[in-house]
Structure formats: C-alpha cells, structure tokens
Amino acid sequence: MSTSTISSAITSETAAEDQVQRVNLLRSTDDNYDGVIVELDQPMDSTTFISILRASVSHWKKLGKKGVWIKLPIHLVNLVEALVKEGFWYHHAEPKYLMLVYWIPESPSTIPANATHRVGIGSFVMNEKQEVLVVQENSGLFQGTGVWKFPTGVVDQGEDICVAAVREVKEETGVDSEFVEVLSFRQSHNSFFEKSDLFFVCMLRPLSSDIKTQRLEILNAQWMPFEEYAAQPFIQKSELLKYINDTCLAKMGGQYSGFSSVPTSSNFSDQKNYLYLSAGALKSSYSS
C-alpha cells in the first residue's frame, strides 16, 4: 500500500472516530465559571441518554470543568429520572423548562442558588386634595376585611420597579400615573414558598383621576383623605404600616427625600437599567 493510501485511510478512520465522539457527547457551551451549559432538544430514550451523559461528564471532568447545567424542555420530561439518578438536582423551573445541575469536582459545590427573592411594590398615589388612592381586595389576605390599602403587586420578570408601580395602579384602578421615587423598602423572609421578599414603597404622581376598578382582584377603589386611611385600626396596629405612613407624611411635608430612578447602561445587558438614588442629596453634594 502506498504512503498516500495509508495516510488517506488513517485520516478517514480518525474522522470516523471524531464523528462517533461527537455523536456520543452532549453538545455544550462554556459558561464564565469553568462550567458547561447543555440545552437539550432532541428526544431520546433514557438508556441511550444515560450512556451519552456519562461519557459527557467524563469528558468534561478531563477538561477541568466544574458545574454542569442541563436545560430540559418540558417535552423531554422523561429524562428527569435519569438525570436525578446520575446525581443531578433541581435548580429552578420555568413554564417551559426545568434546569438541573451537577457538580463534578469532589470539592463543595459553588453553583449559585436559585433566585432567593420575590420583588413586590406598593404605590402611594396622592392628588392635589391630599387624597390617597386606595383599594379593597376581593381575594387574598385582605379579602372580606374591609381594609383600604395602597395598590400593590409583584414585579414581572424583566420589568423595572418604577414601571411595575405604574402598571399595577393602572391595572387595579384605571388611574394613569408617573413614577416619582422609591420612598422605602422592606425585606422579609419565608413569605412565598420559603423565598424572601423585597417590597418597595413607591410614590407616584396621578395623571388622571377617574377610577375604573379591575373586578378580578379589586372589590372597590377610591380617593380617600390620607388621615382617614391612616386612622384605620388595621393600619394603627401594624408597626410596618405606621412607619410607611410616617414616611409618606414626611414626604408630603417636604422633609423627606426618596430615591429617584436614573437610567444607566450595564455591562450585563443591552437593556436600559435604572439606578435608584437620592437625587436631591447628590445635587447638594455637588454644590457644596
């Protein structure tokens, strides 16, 4: 056999071996922390998957990889048991996928925990008559209590706090408004399926006054004198709400400055981001 023929045969054999290697390893991309991310899509039976998974983990271990992230779409739910039996654990779930993770080294895992906090807002909206916009809920904790409260809600994924505050007011009461500033925020724990909670009290300026109640969640909505709102027994018994009321009163009296939103750029996203800061105090520091 000629030298050229031997060379051709070796190349063909090597290419064939490389092709087998590619077929028998899960396709992955590197993350920024010496780990890999796998996004599965093609259906396969559990037996075949386990074989490919084991070969892949062995390959990643030789490369010095640490964390393995496997994004499993809902149509591949049949592979969950196989992954768990191989030592993977749940990290988080979304409507269309489940994320499972695995730590290759024998050292303690440094894979970050799933999101630890839920973010909520409460909107303090006051008109020129010193009346505050309040609602009564027809579901949830305050259903049937007769308590009047600020419009509140949860910030959606990818939504800014200042945008969420305006949206919730519009959805619950039909009133248009604009964000002024964050007055205060509270952190609490074990509030929602063992998650912690960040709740931001936001001051908004009303741009309209007519109320159109959203009946799905809200029983009633109205403009109420602030003193009447604050005098409710439920408010008076709550240390938290009394602090919030004092903050609102101080703001009304010009004796308190909250945190306004300043648009900024970020190295992590092309989207507009907001930094919340005390603009008045910052301006004073510049002039001093």
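## Aromatic pairs

How many aromatic pairs does the count come to? In this predicted model, the count comes to 9 aromatic pairs. One of them joins Phe124 and Phe150, whose rings are 5.6 Å apart from centre to centre with 35 degrees between their planes, an arrangement classed as tilted. This pair links distant parts of the chain, since Phe124 belongs to strand β6 (residues 117-125) while Phe150 lies in the loop between β7 (131-137) and β8 (152-154), 26 residues apart. Phe124 and Phe150 are both buried.

Another pair is formed by Phe142 and Phe234, with ring centres 5.3 Å apart and planes at 90 degrees, so the arrangement is edge-to-face. Here too distant parts of the chain are linked, with Phe142 in the loop between β7 and β8 and Phe234 in helix α6 (residues 233-237), 92 residues apart. Phe142 counts as buried because its relative accessibility is 18%, under the 20% cut-off, whereas Phe234, with a relative accessible area of 38%, is partly exposed. Ring pairs also join Phe124, Phe150, Phe226 and Tyr229 into a cluster.

## Charges over rings

Lys71 lies over the face of Tyr97, at 4.5 Å from the ring centre, and the charged end of Arg118 is positioned over the ring of Phe192, 4.1 Å from its centre.

In soluble globular proteins, nonpolar side chains tend to be buried together. The largest nonpolar core of this model has 21 residues, of which Leu26, Leu40 and Ile70 touch the most other members. At least two residues of this core are supplied by each of β2 (36-39), α2 (46-62), β3 (67-73), α3 (80-85) and β5 (97-103), and the largest share, 5 residues, comes from α2. When residues up to four places away in sequence are not counted, Leu40 touches Leu26, Phe49, Ile70, Lys71, Leu72, Pro73, Leu76 and Leu79.

Strands of a sheet pair through backbone hydrogen bonds, either parallel or antiparallel. In this model 5 strands form an open sheet in the order β1-β2-β3-β5-β4, and the pairing is mixed. The edges are taken by β1 (29-30) and β4, each of which has a single partner strand, so one side of each is left without a neighbour in the sheet. Within the sheet, β3 and β5 pair in the antiparallel sense over 7 bridges, and the bridge partner of Leu72 in β5 is Leu98.

## His91 in strand β4

His91 is placed in strand β4 (residues 89-94), and with a relative accessible area of 15% this residue is buried. The side chain of His91 makes a polar contact, at 2.8 Å, with the side chain of His92. Leaving out residues up to four places away in sequence, His91 touches Trp69, Met99, Leu100, Val101, Ile111, Pro112, Ala113 and Asn114.

## Strand β7 and its partner

Strand β7 is mostly covered, with 6 of its 7 residues buried. It is joined by 7 bridges to strand β11 (residues 218-225), and the two strands run antiparallel.

Conventions: Residues are numbered from 1 along each chain as its sequence is written. This is a predicted model: local features need pLDDT of at least 70, side-chain atom pairs count only at pLDDT 80 or more; totals for chains, interfaces and linings use all residues. Side-chain values use heavy atoms; hydrogens and water are left out. Rings of Phe, Tyr and Trp (its six-membered ring) pair if their centres lie within 6.5 Å; planes under 30 degrees apart count as stacked, over 60 as edge-to-face and the rest as tilted. Helices (H or I, at least four residues) and strands (E, at least two) are DSSP runs, numbered from the N terminus. Buried means under 20% relative accessible area, exposed over 50%, partly exposed in between (1.4 Å probe, protein chains only). A charge sits over a ring if NZ of Lys or CZ of Arg is within 6 Å of the ring centre and within 35 degrees of the ring normal. A nonpolar core is a set of buried Ala, Val, Leu, Ile, Met, Phe, Trp, Tyr and Cys residues joined through side-chain atoms within 4.5 Å. Contact means heavy atoms within 4.5 Å. A polar contact is a pair of N or O atoms within 3.5 Å; within protein, one must be able to donate a hydrogen and the other to accept it, and residues adjacent in sequence count only if both atoms are side-chain atoms. Two strands pair if DSSP finds at least two bridges between them.
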